[in-house]
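Here is a short briefing on one chain of the model below.

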Amino acid sequence: MAYDKFNILKSTVVPLPTENVDTDQIIPARFLKATEREGFGDNLFRDWRYDVEGNPKKDFVLNDPTFSGKILLAGKNFGSGSSREHAVWALYDYGFRCVVSSFFADIFKNNCLNIGVLPVTVSAEFADVLFEAVENDPSTEVEVDIEKQTITLVSTGASESFDINVYKKENMKNGFDDIDYLLNIKDEITEFAVNR
Amino acid sequence: MEKKTLFDKIWDAHVVRSVPHGPDVFFIDKHFIHEVTSPVAFLNLEKRGVGVLYPERTVATPDHNVPTIDQDKTIKDKLSRMQVERLRENCERHNIELHDLGSAHHGIVHVIGPELGITQPGMTIVCGDSHTSTHGAFGAIAFGIGTSEVEMVFATQCIMQVKAKKMRITVDGELGKGVSSKDIILYIIAKISAAGATGYFVEYAGSAIRALSMEARMTICNMSIEMGARGGLIAPDETTFNYLKGKRYSPKGEEWEKAVAEWRNLQTDEGAVFDKEYQFDAADIEPMITYGTNPGMGIKVKENIPSTDGMEGSNKKSYLKSLDYMGFAPGEPIKGKKVDYVFVGSCTNGRIEDIREVANFVKGKKKADNITAWIVPGSREVEKLAHEEGLVQILEEAGFKLRQPGCSACLAMNDDKIPSGMYAVSTSNRNFEGRQGPGARTLLASPLTVAAVAVTGEISDPREVF
């Protein structure tokens, strides 16, 4: 499933400092019953966002109109637990294109890269700088430049570089996915499979 | 010659090619699918106009959302029914082996794979489910993948993966009475935290691991993901071969001898280097239980919930948020807390040995009145054995009832939901907020501890309940 190209993203930020946010929080299992990929954004963070009657919980950041944007700034160990790609579909469907954290769970990070949501790992110190800036001034913008591999706090120019492997970087920039690559080398794969 | 770990040996044998400065093109021997993470992959495959390259390498079963009563009737929940029907249609269309609801080998995907002998040493195995790590107990590289990767496996039998770092966790010594493999893994996760193995693939070694049955080994590998590891594996040995011999898909006759000879080489070379090593003493492990909202928040049943001493900032805030959800206070004992539900089941502890352990414990005792108990076998095969061995009768006499196989209350996608605010002690793998139903409070423990709780109605150490 190809996705939009990712080059430079400049946006305000939604802060969620809670640590160890697992994919059951991002999208609870009872909402995984769809057989198509669209529409999961409505139930993103469902049980933190709404009470049992379906009323918005005022203290949750997605219900706070002062914060919005395409970048989610998350606490340490974001996306742990279940491999459900639905968690990333929900973030994407809601409008996030980039998640920033000092630590990501493995499968979640892979899933992000596979559907075009950029996971940016920053140092714990820089994460603190970002949280403070955004919480003090919700209009704070952050710029993520995939070519330069930098993330910058626009107001102060404070910046940090992040890692992404060359292959994934090119994919993100061009909106390619792994299947395109794999289908192109199918003959090599079938030859390999003969002995397996 | 280069010293290799078991993980290296299997990994390197499955690399079709390496992308410069990028991932490996990684060949997958076996692919398990279920109703929840496969439909979008099939849909996208069709949008691309691509078929399934090697349908014989994929095996399907509906497990995540299925009811655990009245499985012979139409599934009441419309969306669940649609997912199961879609799985049937997709398997039919693409010629994929399906162990359907009600069939002799239906069950949780990670229970039936080993039962049928599909899971074998040296294999690479994936499934759109993070507990695929279970299959690592056989000396296989097995891990969970996302739906995009499920699609890749359908189309090309490969995924693009960066090789993980290597960790070895050695547990030596003898386990005490009343201590089981679930306690080992809860102990390890409590020691290294819910994110402590992120980026690693774990090999479990040592005399305490060697002494375990295959089912007990599966419990350990199953929860590798709960400390962030991509997967975990255990080198195959006589225990492994004895388990696999005669299974439906195991090699037979001469092929068997040949396979076993090859499997014996699946060992970490002496002197091979790991990126990280941990060593634990089995004698220090006691019955464990979790008190918080991630599997790293575990203590011995006899211990108190940790205080907030030394915590600060977002760490302390997250900790208190977690305890607040659970309705617990820092520093208080966990033993004696009232419990409402017990759940025995899941891909972690839904196998016959688990049911046996519970039945043996409750034999001649009675379930406490305040407890609602759900005992859910991992497969039809487990269900059948439980009947044949007289376990069902023992359970019924003690006030328990065996349900039908499925993932059930582990993730509460079906009707098996713990009501909001209630406490459930479960043999499953995750105590996340709402995991067993919105507002449900989950404590993870071994089947034996769960049995003790079911009898006393409160958090108990199984060694103290007679």
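This is a predicted model: local features need pLDDT of at least 70, side-chain atom pairs count only at pLDDT 80 or more; totals for chains, interfaces and linings use all residues.

Strand β3 of chain B spans residues 30-33 and is covered on both faces.

**Strand β3**
- On one side of β3(B), B:K30 and B:F32 are buried.

**Strand partners**
- β3(B) pairs with strand β4 (residues 58-60) of chain B, in the parallel sense and over three bridges.
- In that pairing, B:H31 is opposite B:T58.
- Strand β6 (residues 124-127) of chain B also pairs with β3(B), again parallel and over three bridges.
- Here B:K30 is opposite B:I125.

**Domains**
- Chain B is assigned three domains: domain 1 (6-164), domain 2 (165-236 + 268-284) and domain 3 (288-464).
- The C-alpha centres of domains 1 and 2 of chain B lie 25 Å apart.

**Domain 1 against domain 2**
- In chain B, 24 residues of domain 1 contact 23 residues of domain 2.
- These two domains bury about 1900 Å² between them, with 62% from carbon and sulfur atoms.
- B:L6, B:A137 and B:A164 supply 30% of the area that domain 1 of chain B buries there, more than any other three residues.
- Two salt bridges link domain 1 and domain 2 of chain B.
- B:K9 and B:D269 form a salt bridge, with their closest N and O atoms 2.9 Å apart.

Conventions:
Residues are numbered from 1 along each chain as its sequence is written. Chains are lettered from A and ligands numbered from 1 in the order in which they are written. Side-chain values use heavy atoms; hydrogens and water are left out. Buried means under 20% relative accessible area, exposed over 50%, partly exposed in between (1.4 Å probe, protein chains only). Helices (H or I, at least four residues) and strands (E, at least two) are DSSP runs, numbered from the N terminus. Two strands pair if DSSP finds at least two bridges between them. Domain bounds come from an automatic or database domain assignment. Contact means heavy atoms within 4.5 Å. Buried area is the accessible area (1.4 Å probe) that two parts lose on being put together, summed over both. A salt bridge is a side-chain nitrogen of Lys or Arg within 4 Å of a carboxyl oxygen of Asp or Glu.
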